Amino acid sequence: MIFKTLAGKTSFVGLRLPQTFVFLLFLGSLGFGALFFLPETSRLKRIFQHNSDNSAVITDSMNGRSAQPSSPIGYGLIGAARFDIGVLRIQSQLSSSNGKQTNNNKESSQGTVSVEHTSEGDAANNKVHTRGVVVSSGALSPVRVKLRNCMLKPPYGANYGKPSDPESLQRREKVKEMMKFAWDNYKLYAWGENELRPLSRNGNDGRTFGGLRGASIVDSLDTLYIMGLGEEYQEAKEWVENNLNLNVGGEASLFEVNIRYVGGLLSAYYLTGDEVFKRKVVELGRNLLPAFNTPTGIPHGVVNLAGDSRRSSGGDLGRSSVLAEFGTLHLEFVHLSELTNDPIYTEKVMNIRKHLNQLDKPRGLYPNALNPVSGHWEQHYVSIGALGDSFYEYLIKSYLMSDRTDEVAKRMYYAALEAIENNLVQRSPGGLIYVAEWRGGILDHRMGHLACFSGGMIGIGAEHGSPETRQHQLDLAANITHTCHESYRRTPTKLGPEVFRFDDGAEATAPRVNERHYILRPEVVESYMYMWRLTHDPKYREWGWEALEALERHCRLATGFSGIIDVYGHIIQHDNLQQSFFLAETLKYLYLLFSDDDLLPLKDWVFNTEAHPLPVIPRNCSQERGHRPNWTH
Ligand code: DMJ
């Protein structure tokens with residue numbers, strides 16, 4: 001056991017201070033740095049299976065180029081059209097005649113693909129269009145036609161989200177250049193490993209993810225795709241086809257596998273329609289189910305995905321399950337049911353919700369740890385940062401992803417928000433609004449970088465609550481985002497610390513040395529992106545640009561991007577890790593911030609907590625498909 005909890009206080013066992021700090025950085029990279037409240041949860045591993053297949057055609061229909069097209073690859077969502085297509089290939093040769101472009105050499109193992117510009121789609125003839133691009137793909141099965149018609153929405157809008165003002169366009173191009181730089185260095189030094197270690201020019205050793213490999217690849221698929229990095233997307237897809245191995249024995253974090261791998265594969269599937277992603281994600285989803293074999297159905301945090309020997313925990317049935325882990329499954333699991341037409345995934349997550357609804361909640365708050373055997377809270381620590389964060393995010397997003405039919409999620413979200421406002425939201429002496437943490441009734445006046453996602457969350461929730469609270473919630477979202485910006489602005493590097501405090505004279509600053517790191521996290525720019533979409537206040541784009549410049553100045557090395565040890569330091573020390581969420585989230589949110597709103601419009605797409613876009617499921621769609629989830633728990 002690496003950590004143990006003593007009388008409610010965490011102490012490290014067998015680790016000296018520098019080792020401890022490095023270990024905390026490592027835990028922080030998992031997105032729940034305070035995990036040390038719980039025993040042995042650092043044994044998180046991921047597993048994937050190699051399953052070769054060939055599917056999909058990628059067509060750069062706009063440029064006729066496969067290398068770095070200036071527009072996104074072909075036709076987004078249009079993947080729908082490729083559901084029954086075989087073979088992968090970037091169709092780089094497009095010929096144009098009479099306002100139509102048609103790709104030559106349309107080879108496929110299972111059919112023929114043609115791409116043409118047209119003004120309207122033709123479902124009957126099995127054509128799908130986005131931005132005037134039609135793909136005809138041969139006959140689709142009825143289920144796939146239904147799926148396409150129900151769920152697949154054009155992600156690119158009028159002009160691939162291209163902003164009309166030159167400055168934003170230039171900034172967006174800069175983000176794309178950063179993504180390519182991060183990807184190229186990962187490819188050069190760490191291909192197939194989970195993450196790049198830019199200083200040592202190798203990959204991380206897999207401690208974080210057990211036997212699972214390629215985290216940066218799976219996490220990057222959709223970012224590469226929406227940025228139009230066609231060659232890079234193709235490399236990523238081929239790696240998934242040929243190397244993503246689900247048969248590696250080892251213990252994995254259900255949460256991490258779900259948000260990065262299930263989310264990444266689902267999103268890649270919905271964006272591109274490439275069947276390989278569906279096959280992989282369905283297989284992976286099945287392998288996660290043993291985690292739910294507990295007396296309560298609250299899953300263990302750790303699941304063994306390895307064949308017959310799979311088990312759902314390390315054997316210690318008393319181990320706590322973490323709110324932010326078991327509460328961050330809903331979006332992906334509902335989509336797994338949609339894809340497989342098997343309700344089991346939805347049933348699993350609905351059972352979690354049912355259980356939570358039966359429990360007493362101290363002052364309406366949700367503590368961070370639950371015993372999956374007894375079904376009771378383990379302690380009364382509450383946080384919308386580490387250990388709690390994405391549970392709240394998934395409530396409102398479940399409602400939105402259900403096409404606003406999931407009334408239970410809605411009710412739970414607004415009740416939780418009210419409890420958070422009543423108990424945790426504070427104003428500092430200097431007038432900054434922040435969300436404190438709660439330890440059995442005592443406030444800890446700290447806010448983690450992780451909690452900064454809440455600006456965006458409260459923002460997107462504002463318009464769906466009662467009309468009387470709308471403006472208030474928008475203001476709260478703006479105020480929290482402002483405070484998070486202050487946590488950046490008050491450092492010499494202009495990057496924010498892992499934790500900032502509001503006690504002992506601190507105001508959005510980090511007096512404690514071990515809380516001063518920045519590990520390329522997305523939450524602050526995530527809120528900028530949402531607040532920009534909601535208000536179009538130009539300050540959010542300016543703040544995003546400030547963050548981008550700081551990333552370039554302090555985190556960009558010759559060999560990739562790296563987190564830094566001390567955002568207040570005048571001499572920059574790097575942590576030697578290019579986190580996969582930097583590619584999945586930080587750069588994607590920056591790209592969206594400088595794009596027009598019709599790139600992945602929020603009314604059609606919901607981002608999972610790793611920024612992987614999942615389509616809203618229109619209410620008629622689920623009914624048609626016969627397993628509309630029962631939201632009544
Ligand atoms: C990501 O893996 C996810 O955003 C998660 O929900 C929280 N932590 C990291 C990024 O900081």
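## Basis

The model is predicted: local features need pLDDT of at least 70, side-chain atom pairs count only at pLDDT 80 or more, and totals for chains, interfaces and linings use all residues. Residues are numbered from 1 along each chain as its sequence is written, and side-chain values use heavy atoms, with hydrogens and water left out.

## Helix H16

Helix H16 runs over residues 538–555; helices (H or I, at least four residues) and strands (E, at least two) are DSSP runs, numbered from the N terminus. At 1.5 Å a residue, its 18 residues should span 26 Å, and the end C-alpha atoms are 25 Å apart, which agrees. The expected span is 1.5 Å times one less than the number of residues.

Buried residues of H16 include Tyr540, Trp543, Trp545, Leu548, Leu551 and Cys555, where buried means under 20% relative accessible area, exposed over 50% and partly exposed in between (1.4 Å probe, protein chains only). The buried residues of H16 pack against helices H3 (166–190), H14 (467–489), H15 (523–535) and H17 (580–593), and against strands E23 (556–557) and E24 (560–561), with contact meaning heavy atoms within 4.5 Å.

## Second largest pocket

The second largest pocket has a volume of about 370 Å³. A pocket here is an open set of points on a 1 Å grid over the protein atoms alone, where a 1.4 Å probe fits, with protein on both sides within 12 Å along at least five of seven lines; lining residues have an atom within 4 Å of a point. The volume is the space filled by probe spheres set on the points, which are joined across faces, edges and corners.

Of the 18 lining residues, Leu400, Glu463, His464, Leu602 and Lys603 lie nearest the pocket centre. Helix H11 (389–401), H15 and strand E25 (605–607) each supply at least two lining residues. The lining divides into ten nonpolar, one polar and seven charged residues.

## Annotated sites

In an unreviewed UniProt entry, the annotation "active site" covers Glu256, Asp389, Glu498 and Glu523; such annotations may be inferred rather than shown by experiment. Glu256 lies in helix H6 (residues 254–272) and is buried, with a relative accessible area of 1%. Glu498 is in the loop between H14 and strand E22 (499–501) and counts as buried at 10% relative accessibility.

The UniProt annotation "binding site", also from an unreviewed entry, covers Thr609. Thr609 lies in the loop between E25 and strand E26 (613–615) and counts as buried at 13% relative accessibility. Not counting residues up to four places away in sequence, Thr609 touches Ile259, Thr328, Ser390, Glu393, Tyr394 and Glu585.

Key
Ala, Val, Leu, Ile, Met, Phe, Trp, Tyr, Cys and Pro count as nonpolar, Asp, Glu, Lys and Arg as charged, and the others, Gly among them, as polar.
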